[in-house]
Amino acid sequence: MIRFFEAEDKIEITKLAADFTGEGFDGEEFGLLFDEIIDGSPDECGIAVLHAGEYLGYCLAHVTREEFIIHQLYIKPAFQKLKVAPQVFDFIEEHFPEHKRQALVPKRNEIALGVFSKRGYDIIIL
Ligand SMILES: CC(C)(COP(=O)(O)OP(=O)(O)OC[C@H]1O[C@@H](n2cnc3c(N)ncnc32)[C@H](O)[C@@H]1OP(=O)(O)O)[C@@H](O)C(=O)NCCC(=O)NCCS
């Protein structure tokens, strides 16, 4: 199941975000961002990926009037290479059909470059 964040997702999504970020993860800062999204911030979008009650991944994006800019997309290692990310892209296209799509990608991430460019995202390398 792919859906927008709900308040009950906070603990599990925060764990995934800590895995994605690694050293230097700021749980407090992430918690504030998560709360902003749940409170209906129009600028940030959070998408959760679940299957059989397990959280498989998430996506965070900055949303402007014209652009949908992914800044975090993470699928748990055990579920990578199973075409989960394309389902997230389908969800985004369904909900933001008119937005220009961009992705912020950390350096030296060939997998991410391939995944995003295949789906027509303009890539900004950080
Ligand atoms: C990038 C990422 C989101 C892709 O998600 P996914 O659901 O695994 O994507 P797919 O199953 O469609 O795989 C896409 C391609 O990447 C390859 N791939 C995905 N994960 C891989 C891995 N860990 N090692 C090697 N190849 C991998 C797949 O083989 C596939 O290649 P193909 O299109 O030639 O078949 C996921 O690998 C991930 O979460 N990575 C860590 C976080 C990250 O780098 N995020 C992106 C920057 S924000």
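Reader: By class, how many nonpolar residues does the lining of the largest pocket have?

Author: This is a predicted model, in which local features need pLDDT of at least 70, side-chain atom pairs count only at pLDDT 80 or more, and totals for linings use all residues. Residues are numbered from 1 along each chain, and side-chain values use heavy atoms, without hydrogens and water. On a 1 Å grid over the protein atoms alone, a pocket is an open set of points where a 1.4 Å probe fits, with protein on both sides within 12 Å along at least five of seven lines, and lining residues have an atom within 4 Å of a point. The lining has four charged and five polar residues, Gly counting as polar, and its nonpolar residues number 18.

Reader: Which residues lie closest to the centre of the largest pocket, and what is its volume?

Author: The lining comprises 27 residues, of which the closest to the centre are Leu73, Ala85, Ile111, Ala112 and Val115. The volume of this pocket, the space filled by probe spheres set on the points, is about 750 Å³.

Reader: Where does the ligand sit?

Author: Around the ligand are 18 residues (a heavy atom within 4 Å), among them Leu73 and Lys118, which are listed with those that come nearest. With more than half of its atoms within 2 Å of the grid points, the ligand sits in the largest pocket.
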